[in-house]
Number of protein chains: 2
Amino acid sequence: MWCDDRMTAKEPAMPSDAPSAIGRPGSYSKGVARRQEILDRAIEVFQERGADGTSLRRIAGAIGVSHAALLHYFDSREQLLVAVYEHAEKRRDETVVDLPEPERGIDIMIEAANANIEVPGLVQLYSTLVAASLEADAGPSREYFTARFERVREDLEQRLRREQAEGRMRADVDVRHVAALIVAASDGLQIQWLLEPSVELQASLETFGKLLAP
Amino acid sequence: MWCDDRMTAKEPAMPSDAPSAIGRPGSYSKGVARRQEILDRAIEVFQERGADGTSLRRIAGAIGVSHAALLHYFDSREQLLVAVYEHAEKRRDETVVDLPEPERGIDIMIEAANANIEVPGLVQLYSTLVAASLEADAGPSREYFTARFERVREDLEQRLRREQAEGRMRADVDVRHVAALIVAASDGLQIQWLLEPSVELQASLETFGKLLAP
DNA sequence: GTCTATACGAAGATAGAC
DNA sequence: GTCTATCTTCGTATAGAC
């Protein structure tokens, strides 16, 4: 397990495993296979511990290498964290079951949120990195999350627009506002749920869906 | 300035300045006056720099004492950060203008959100502390934010219930869900706005208000 | 290319002198 | 009440073994 899509050798890798935007763009010099292996292993650590308390030395220890070795594949701890989150989210997306169409935009987010909170460390890692991206002299997390928010909002916006056109959603509200609201609500509710499980994450998001009904 | 409600001497302090829940409960032994003075000064540093990059040594330097001196008034860096946030939020609440009644719950949050983003460091500090509160072995931030979320949701819930009773809000949705949604949306949108100012924080929250109209 | 060993400076925290 | 000194751990950088 954990190895399904891992490269089997140190070959240049297929296009689907091309270095991510956050990795080392356009460069295979650091060994894609080993990099993936490290991520696969690191993800387990973070799923348990989140982001705090997981130093480079600790992660390295869990993997069985020196902490300096990690910096051979990632420029900094923050870049490693971002790569781990990206990696974990991809895994999650593969796990999420696609509901039969027509599926509302809000339903996509409900499924994703439900999958997220099953791995508390993932939500904590997400929150930590988002906070870091707000820093004045932000590192790689800024670029990543700016792009991620943009992408998720854009995707949601398209779906909502279609729902409006098909009469499945109120037509008297701005879809761009609603898209941003859904993302914000999903993120915020996951946090509130982790701190107080009586918050009813899924039911609250479904209430939002009810507000959007035509 | 910065000193309006500060204690003038090392007297036991009035009830209104009793040590906060996050401070050192029930103990005046550490000098309330000096503590307030430190907070007043520390808040300026955080309003500029947020949370990251602001070490105990840096804050201490800005105040003119050693970092060890700060730990004489606060048990840890995290406790200082929470106290600073609590202090800053109180200041903000005093600044926010109260709209004439009847004011909707969502309007309260819009005003607060607008006041927040004028001090970017405050949003960053908030995000950092919330992320820290999700940690497995969480420090003082866990208790603080659990209570804070509870309090804000509760307050919102009461307002919404009244709005429903007076026919100013849709009656077919659960107010507890909506209260959690508003808090989540406000928190999340502030972050999205900081990363991408085209997000339209206020307009999006007003769109939410539109969804709640009867 | 991959990795270990090691060093450096900064960080949070603690102990004890004044 | 505040300081200096010190401990441990951290991220980062470099040198060099294989």
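A base oxygen of DNA strand D sits 2.6 Å from an N or O atom in the side chain of A:His67, a polar contact being a pair of N or O atoms within 3.5 Å. This is a predicted model, where local features need pLDDT of at least 70 and side-chain atom pairs count only at pLDDT 80 or more, while totals for chains, interfaces and linings use all residues. Residues are numbered from 1 along each chain as its sequence is written, and side-chain values use heavy atoms, without hydrogens or water.

The phosphates next. A polar backbone atom of A:Leu56 is 2.8 Å from a phosphate oxygen of DNA strand D.

Which residues come nearest to DNA strand D? Of the 17 around it, they are A:Arg57, A:His67, A:Arg77, B:His72 and B:Tyr73; near means a heavy atom within 4 Å. Sugar and phosphate make up 56% of the atoms of DNA strand D that come within 4 Å of the protein. H3(B) gives the largest share of this surface, four residues; helices here are DSSP runs (H or I) of at least four residues.

Now the two H9 helices. H9 (residues 201-212) of chain A packs against H9 (residues 201-212) of chain B at about 75°, with axes 9 Å apart. The two are therefore roughly perpendicular, the term for angles of 65 to 115 degrees. A:Phe208, A:Leu211 and A:Leu212 meet B:Phe208, B:Leu211 and B:Leu212, contact meaning heavy atoms within 4.5 Å.

Methods. Chains are lettered from A and ligands numbered from 1 in the order in which they are written. Axes are lines fitted to C-alpha atoms, for helices over the stretch in contact, and angles run from 0 to 180 degrees between N-to-C directions. Angles under 35 degrees count as roughly parallel, over 145 as roughly antiparallel, 65 to 115 as roughly perpendicular and the rest as oblique. A polar contact is a pair of N or O atoms within 3.5 Å; within protein, one must be able to donate a hydrogen and the other to accept it, and residues adjacent in sequence count only if both atoms are side-chain atoms.
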